[in-house]
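My notes follow in the order I took them.

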Amino acid sequence: MRSYFKEFFDSKLFFVVVAVVGIGLLSIYSATYDVRAAVNFKRQLVFAGFGFVFMLAAWLVPLKTLQRLSFIAYGLTLAILLFVLVYGATHKGAKSWFELMQGFGGQPSEFAKITTVLAAASYFSQSSVNIANLKHFLTGVCIFIVPMGLILAQPDLGTTIVFFIALLPLLYWAGVSNFTLIALIVPILVAGGALFGTAQFLGAAAIGAALLYYFRENRFAAVAAFGITLALGLTVQIMYERLAPYQQKRISTFLNPEADLQGAGYNVFQSKIAIGSGGLLGKGYLHGTQTQLNYIPEQWTDFIFCVPGEEFGFVGASVVLLLLFTLLFHGVNLAAQSKNRYGSIVAIGFTGIWAAHIIINTGMAMALLPVIGIPLPFMSYGGSSLIANMIMAGILMNVYSNRKAY
Amino acid sequence: MIASEEFGSPYRRLVLLAIVAAACVVLFGRLIVLQLLYHEELGKKSDENSVRTLVKEPVRGYMFDRNGRLIVDVGPAFSVTVTPSEFDTLNYKRLAALLDLELPTLRDRVAKGRAYSRFSPVRVKRDVDFRTLSSLEENLFMLPGVSYEVESKRTYTGGQHAAHLLGYCKEISDAQFAKLGAVYRQGDVIGSSGLEASYETFLRGEKGFEFFSVNAKGQSTGPLESGKRDVLPKEGFDLILSLDYGLQAYAESLMTPFRGALVALDPHTGGILAAVSKPDFNPEVFSGVTSAEEWNALNNDPAKPLFNRATQTRYPPGSTFKMLLALAALQEGVIDEQYEIKCTGGFRFGNRLFKDTHVHGQTDIIKSIQQSCNVFYNQLILKVGLDLWASYCRMFGFGKSAGFDLPEETTGLVPTSAYYDRVYGPGRWTQGNLVSLGIGQGELGVSPLQMARYVATLANKGTLVQPHAVNYVRNKQSNRLEAIDYKSTKLPIKEEYFDIVREAMRRCVQVTGGTGMAAGIPGIESAGKTGTAENPHGGDHSWFVGFAPFENPQIAIAVLVENVGFGASYAAPIAGLVNERYLKGEVKRSYHFAPPKRGTSKDSTASITQALAH
């Protein structure tokens with residue numbers, strides 16, 4: 001029995017998830033300690049309960065079945081995303097909420113993350129698909145682009161970015177050539193550089209050119225890619241200059257929130273203070289002044305990382321980071337271990353999604369990155385996010401169980 | 001399988017692991033920077049967010065007179081506050097009417113408060129009178145968000161006396177704040193004149209602090225750590241003055257119709273018994289909130305009521321200065337005790353004739369003082385010499401500040417050769433300038449305070465005392481009285497010379513023919529000297545200096561009445577009455593002043609006859 005367990009039950013993943021969900025619940029309790037939002041703790045408890053059920057279900061479904069159902073699930077989520085754009089409820093400025101019944105609904109974009117990865121994994125694991133083939137490559141990319149577009153239309157920039165970031169390791173793992181990957185990344189980076197300023201744009205363009213040249217497979221492709229890069233960069237530059245000053249300011253504030261502490265930068269500023277003031281050991285559970293006195297708005301969602309940071313200090317925050325990064329390391333290793341190509345790509349895909357969330361969310365909370373509103377996996381309050389993440393974990397446990405099978 | 005050979009390659013696995021590891025390191029690094037390196041700075045910001053400090057003002061020290069009577073007290077000042085988030089804007093009109101405020105002013109103040117914090121009360125009117133407060137109280141139930149808080153202000157028990165001596169407090173000025181910053185905040189009240197100013201560091205006490213937790217909305221959520229970190233305010237120290245408040249009140253009542261000053265000292269210690277400067281003001285004007293009209297009225301009044309004539313002005317002393325010259329001459333051996341001259345009613349110097357008031361005939365030292373012969377002194381100063389005489393002036397405390405414990409004293413002016421050289425040019429002045437100095441005229445300038453000290457020295461036969469207002473400071477922490485030490489100096493003048501001069505002064509008051517008889521006290525022997533100082537700008541000033549009783553004096557006094565004429569007519573009787581009040585406790589007789597003879601000050605109500613009571 002014990003050996004069965006060891007062979008088929010990914011205890012590491014399971015217990016890390018349990019631990020992080022537990023810490024998340026404790027944090028939400030603290031952040032909602034004043035009466036008004038206390039109901040969120042109870043809700044998250046319910047979500048966690050459901051999450052565990054779905055997680056176990058995802059673990060136990062035969063992997064082949066999952067593979068076969070991937071595209072259907074994908075199509076379904078695309079339909080719901082479209083539906084939500086037209087008939088969806090607005091939630092924090094984006095039409096992202098799908099209301100099934102009164103007050104009960106979910107965010108389809110969370111589940112789209114799952115199905116998109118499953119679909120892409122299913123596609124690239126087909127023996128007839130060769131990622132080196134341009135047509136196949138583009139198809140795979142489209143599997144991601146379509147939902148990205150629908151989500152961007154809500155608008156939900158954060159989730160769109162997550163999709164893009166998750167795409168990259170997935171392609172990399174699926175065997176895309178270095179050049180192709182570079183050719184995909186460089187234009188985006190250079191265009192981003194254009195938003196910072198002309199000098200940064202030129203600098204990024206120079207680095208981009210060097211990279212493209214270094215990784216070139218043939219000169220033509222390299223030059224073409226660079227051409228696209230420049231075109232994109234210049235377009236962004238021109239468009240930026242045509243923006244009204246207040247719009248330009250919005251962009252620069254977005255990139256550097258600390259420049260506008262009263263406005264957009266307020267949350268990040270308070271978050272930084274919360275984490276920093278925790279010191280080594282923190283102020284004690286339920287004794288964090290930034291948390292308890294509500295200096296960080298809606299702290300139980302995007303800024304949940306502040307709670308262990310302020311109340312448990314460096315020790316607490318490190319534990320959380322370590323647990324989360326354990327998930328990531330484990331995911332990569334699982335992908336390598338899995339002989340099943342479908343499972344392997346799924347593992348990388350989910351790991352990429354989690355990595356994007358974790359790095360952006362904690363980076364934002366510590367004022368390293370711009371304010372991109374995305375939740376911290378397993379910790380932030382939110383039913384869709386929690387349940388979707390737990391399903392992903394369940395699927396990974398499934399991949400683990402089947403890692404030795406082709 | 002047509003798959004890319006890069007699929008799932010071990011190399012790529014390592015690359016991905018490396019990227020994850022790099023991200024991990026960066027985030028950890030940032031965590032370390034924030035929580036370990038910047039912990040203190042961010043911790044402070046966290047406190048700034050969440051801790052609000054309420055300053056608790058200490059109670060300012062009281063002032064008592066020499067008999068333990070409370071004269072300067074601290075009382076409540078009520079300020080009305082409005083909490084913007086709770087205030088119903090329909091009530092603006094009613095509130096403005098209750099507080100007697102202009103409606104736009106009230107709106108403006110509340111708006112400013114709201115901009116700062118909706119949940120903090122903002123003061124809309126300070127120092128409201130009790131009637132306003134009472135009517136506000138009656139209506140409070142209809143005015144949600146309106147409340148009042150209690151601050152403290154100075155109150156004066158027993159009337160508005162000794163305003164110049166006691167001084168007043170005002171809001172700290174920018175210049176003062178720049179200099180003294182640390183202990184004070186903008187808007188604090190600081191002693192600005194008189195004893196309030198010179199003893200500010202004793203009177204002000206130490207502020208206390210209460211700490212509150214405050215949430216992101218600015219609402220207080222309770223005391224921080226149950227008040228464990230709170231600091232209690234420390235009360236200011238009390239001052240026990242040498243002043244006799246009853247005497248002060250009485251002296252002020254005598255001086256009220258005039259402009260001038262009166263300083264009475266204890267001749268043994270130098271402690272002030274009374275210090276009057278008229279015209280004066282009501283110190284209550286400055287406590288609490290002073291209206292602009294009140295301040296301008298006082299500031300722009302041509303009679304300068306804010307000016308302390310006892311310590312800040314200088315006048316020529318006239319004949320009251322003769323005793324000093326006599327002592328100088330005796331001590332320097334210029335004359336001896338039997339010295340006499342023949343007074344013919346005038347003194348000729350060069351081609352000028354300095355007329356005396358009478359022909360005194362054969363005059364010795366005693367008679368020269370008793371009857372105030374000018375010729376005697378016109379020629380005596382020429383014998384003594386300018387600089388030697390000036391050195392005696394300085395010896396008696398003239399020409400420099402008396403070191404009195406009030407801020408801003410005049411030094412007066414004692415001319416010397418160097419002075420005349422500077423003013424006229426060397427070789428451009430003659431001994432002729434001295435002639436007037438001999439009888440206390442000319443460029444010589446003294447303050448009533450200096451004169452009081454001078455006559456105290458005559459009274460106690462040669463000890464120069466330190467005039468002071470404060471005898472003790474009561475430390476409110478240890479509850480102990482701490483005496484302040486004042487230095488006295490024994491002057492290098494033989495006591496027998498003082499005996500001569502004192503006897504002369506006794507005869508001036510007690511014996512017929514003396515100019516100062518109006519200063520006599522029924523039943524008590526006293527001594528003194530009159531003076532009538534010529535004033536180029538108007539009427540003569542009336543001077544009197546004296547002490548009582550003659551043996552073992554208890555009070556030394558200097559009185560100056562501006563622009564009313566003879567010393568004998570005004571300053572002398574006032575001095576006599578004040579001395580009597582001090583020695584007997586009450587004055588039963590009444591005195592009538594004749595109207596002033598030569599040129600009067602514009603405001604003086606010259607035709608008043610005073611029936612004097614206690």
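This is a predicted model: local features need pLDDT of at least 70, side-chain atom pairs count only at pLDDT 80 or more; totals for chains, interfaces and linings use all residues.

Strand β11 of chain B, residues 260-265, is joined to β12(B) by 6 bridges. The two strands run antiparallel. I looked up one bridge by residue: Gly260(B) has Lys278(B) in β12(B) as its partner.

Next I traced the sheet around that pair. It is an open sheet of 5 strands in chain B, ordered β12-β11-β23-β22-β21. I noted the pairing as antiparallel. Which strands stand at the edges? They are β12 (272-278) and β21 (527-533) of chain B. Each has a single partner strand, so one side of each lacks a neighbour in the sheet. From one strand to the next, the twist averages 5°.

I then checked what lies across β21 and β22 of chain B. I found helix α19 of chain B, residues 495-510. The helix runs at about 75° to β21(B), and β22 spans 541-548.

I counted 6 bridges between β1(B) and β8 of chain B, residues 208-214. In that antiparallel pair, Lys56(B) stands opposite Gly208(B).

Helix α15 of chain A (residues 341-365) packs with helix α1 of chain B (residues 10-37). Their axes are 11 Å apart, at an angle of about 15°. That is under 35 degrees, so I logged α15(A) and α1(B) as roughly parallel. The crossing of α15(A) past α1(B) is left-handed. On the α15(A) side, the contact is made by Ala355(A), Ile359(A), Thr362(A) and Gly363(A). On the α1(B) side, I listed Val20(B), Ala23(B) and Leu27(B). The residues of this contact are 5 nonpolar, 2 polar and no charged.

Last, I went to Ser590(B), in the segment after α20 (571-584) of chain B. Is Ser590(B) buried or exposed? I recorded 11 C-beta neighbours inside 10 Å, so Ser590(B) counts as exposed; the cut-off is 12 or fewer. I also checked its C-alpha separation from Leu577(B), 13 residues away along the chain, and noted 9.1 Å.

Terms used
Residues are numbered from 1 along each chain as its sequence is written. Chains are lettered from A and ligands numbered from 1 in the order in which they are written. Two strands pair if DSSP finds at least two bridges between them. Helices (H or I, at least four residues) and strands (E, at least two) are DSSP runs, numbered from the N terminus. Axes are lines fitted to C-alpha atoms, for helices over the stretch in contact, and angles run from 0 to 180 degrees between N-to-C directions. Two residues are in contact if their C-beta atoms, placed from the backbone, lie within 7 Å. A residue is buried if 20 or more other C-beta atoms lie within 10 Å of its own, exposed if 12 or fewer, and partly exposed in between; C-beta atoms are placed from the backbone. Angles under 35 degrees count as roughly parallel, over 145 as roughly antiparallel, 65 to 115 as roughly perpendicular and the rest as oblique. A crossing is left-handed if the near helix is turned anticlockwise from the far one by less than a right angle, and right-handed if clockwise. Ala, Val, Leu, Ile, Met, Phe, Trp, Tyr, Cys and Pro count as nonpolar, Asp, Glu, Lys and Arg as charged, and the others, Gly among them, as polar.
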